Structures are given as structure tokens and as C-alpha cells.
Amino acid sequence: MKTRFFTLWVTLLCLPMISWGQSPTYGGGNGTEATPYQISTAEHLKALVEAVNGGESYDNVYFQLTASLTITDNSWKPIGDDDENPFSGTFDGGGNTLTLPESLFDYVTNGKVSNLTVSITATNTNINGIVAAYVNNSVIENVTSEGSLSSGRTSNQAGGLFYMVKNGSQILNCTNNATLSGYNIAGGIAWCMDSREGETTTLIDGCTNNGDITTSNSWNGWAGGIIGSMYGGTISNCTNNGNISSVVQAAGGVVGCAFDYNFTESSSEPPAQDMLFINNTNTGEVDCVQAAGGIIGLADSNWNDIYVI
């Protein structure tokens, strides 16, 4: 009997150790569209953070948030912490709310995020977008931002949902309810929209801003109900209901400033695409001592055209 116990103990010692970091634990599912990974606790969400920031993009992998969660831990890090480790999967919020100390995502590339509310309240912060920082060639649909965001001078910009949307991204039926204050540039959906020649057109459609938006820079500031600064692309069927204010330079009900970003004939960067505005409305007050408009605050473009329909 003693010999058998000794043999069993040695066998157990020889088994390989399991690394939780290498095998994230979720609440169920297998990551397919029919049976997505289930996220129902803060631990499940943090497992997703660790996996993506460790290099797992989850391309064509599906996630379902099954409960509203509040995370107050200031050690929280957004999913996809740099452009080499983006989130490329599909994240369905299931109509739930995430209350976080920082953005849910940093980089979303070739991914999809939908049916979700994200809430952040932060003052004098370097957080640039409540939902995500950079959205690249991705679809974001039916996502809402809540709370308030006030950027510090080192950050300069504030976006209700995103920092920048670019390269063919589609932002569909999203809403910002957060109050925003940017030192230099602020926009209800994003501070910046970028769409270059040769790329699929970046589109913002059916989005709404209900939050008041201000910029405080006394020499250079842009504020827009939907986008702070726009370099090409299409904005359609969007509505601004918030009050938009910039101390100087430009404020617009839909876009603060629309222009071709520093493009010259010798530049290696392609120029911005034409900018198209279709069926957009503004009901909020727009205030700026230099340039203010119900749709566009300031239009300054030498290399592309701007159409308002």
C-alpha cells in the first residue's frame, strides 16, 4: 500500500503545470458565433485583457457579455494595449453596461463591438475615448457612452466614444450621453475621423450626441457634436442635441473642423478623401467667437471637396 501511494505521488509531481495566463478562463462557450465565450464576471473580462495584451488578437472569435459589471480597480488596463496587440474579435455586449476607470479598448482592428454601454467619469485625464482609443477598419454598432470626460493639457483631446476612427471603420447607431471637455479638440462620437484616398471610406451613420461639449484652449480649439476634427469620409443621418462651445477657432453641431490634414504635394501620406455630409441635424446651441456652424464650424481644404446634402 505504501509503495502504491509513493508511485501515485511521483506521477502527480511529474504532471505538467497549468498556466492560467496561457489558457484564459471564461464563463462558458467555445468562441464560435453560435456559442461565444461568455463573460459574466470581472475576472472573465480581465482574462480577456491579459490574453489580448499578451498577443492573442482573437481574430474571428466571438465574445458575449452576459451581465453588467463595475470595475473600480485603478490597475485596469484597456483591451488591446497597442497597435501590435489589437482586439480583432467580435464583442457583443448583450445590452449590458460596463462601468470602468478607463477605456474598454485601446486598439480595435478588423473587429466588431456592439450592443453595449460604457460609463467612465474622469477629470484631468489622459483617457481619450470612453469606449476605445483607435478604431481601425472595424464595425462599432449600437454602443453608448455615459459619464463625463475632461482631458488634461497633456492629452488635449476628448472623444465621447473614441479617440480616432479610420481606415474604413463603420460607426453605426451609436450614442454619446457623456459630458466632454477637451483642452484642444473634442467630439461627441470621436475627436478625430480619418479617411484617406485608396482606403475604404470611413462612415459614421445614425449616431447621436446628447452631451454638452467644450474646449478650453484660448488660442486653438475645435469642438463638434459628432466629430471634433475630420479628415475625409462620410457622416450621415446623425443628430447633435448637446450644446457645443469652443473658446476660439471653431465649433460645429456635427463637425468642429473639416480639412485635409497638413497635406502637401511632397507628402508621402495620401490626401484625405472628399467629405460627405448627408441628412444631419443639429438642435443644440453652438458657440465660438471665430467660426460656428450648425453642421460644420470651420471648413479648410485645398485638396479635397466637401459636400453637404
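User: Which residue is the bridge partner of Cys 192 in E20?

Analyst: In strand E20, Cys 192 is partnered by Ser 229. Strands (E, at least two residues) are DSSP runs, numbered from the N terminus. This is a predicted model, in which local features need pLDDT of at least 70, side-chain atom pairs count only at pLDDT 80 or more, and totals for chains, interfaces and linings use all residues. Residues are numbered from 1 along each chain as its sequence is written, and side-chain values use heavy atoms, with hydrogens and water left out.

User: How many bridges pair E15 and E20, and in which sense?

Analyst: Two strands pair if DSSP finds at least two bridges between them. E15 and E20 (residues 227–231) have four, in the parallel sense. E15 also pairs with strand E10 (residues 162–166), again parallel and over four bridges. There, Met 164 has Cys 192 of E15 as its bridge partner.

User: Is strand E15 enclosed or open to the outside, and why?

Analyst: Burial is read from relative accessible area: buried means under 20%, exposed over 50%, partly exposed in between (1.4 Å probe, protein chains only). In E15 (residues 190–194), five of the five residues are buried, so the strand is largely enclosed by the rest of the structure.

User: Which strands form the open sheet, and in what order?

Analyst: The order is E9-E14-E19-E24-E29, five strands with parallel pairing. E9 (157–159) and E29 (292–293) each have a single partner strand and stand at the edges, so one side of each is left without a neighbour in the sheet. E9 pairs with E14 (residues 185–187) over three bridges, and Ala 158 stands opposite Ala 186 in E14.

User: What does strand E8 pair with over three bridges?

Analyst: One such partner is E13 (residues 179–182), in the parallel sense; Ser 148 stands opposite Thr 179 there. Three bridges also join E8 (residues 139–151) to E11 (residues 170–172), which run parallel, with Ile 140 opposite Ile 171. E8 and E12 (residues 175–176) pair in the parallel sense over two bridges, and Ser 145 has Asn 176 as its bridge partner in E12.

User: Which residues form the nonpolar patch on the surface?

Analyst: Like charges are joined within 9 Å, nonpolar side chains (Val, Leu, Ile, Met, Phe, Trp, Tyr) within 5 Å. Here the patch holds Ile 278, Tyr 307 and Ile 309, with about 300 Å² of accessible area together (Shrake-Rupley method, 1.4 Å probe; for residues, only the protein chains shown count as cover). Tyr 307 lies in strand E31 (residues 306–308) and counts as partly exposed at 41% relative accessibility.

Terms used
Patches are made of residues with over 30% relative accessible area and no salt bridge: like charges are joined within 9 Å, nonpolar side chains (Val, Leu, Ile, Met, Phe, Trp, Tyr) within 5 Å. A salt bridge is a side-chain nitrogen of Lys or Arg within 4 Å of a carboxyl oxygen of Asp or Glu.
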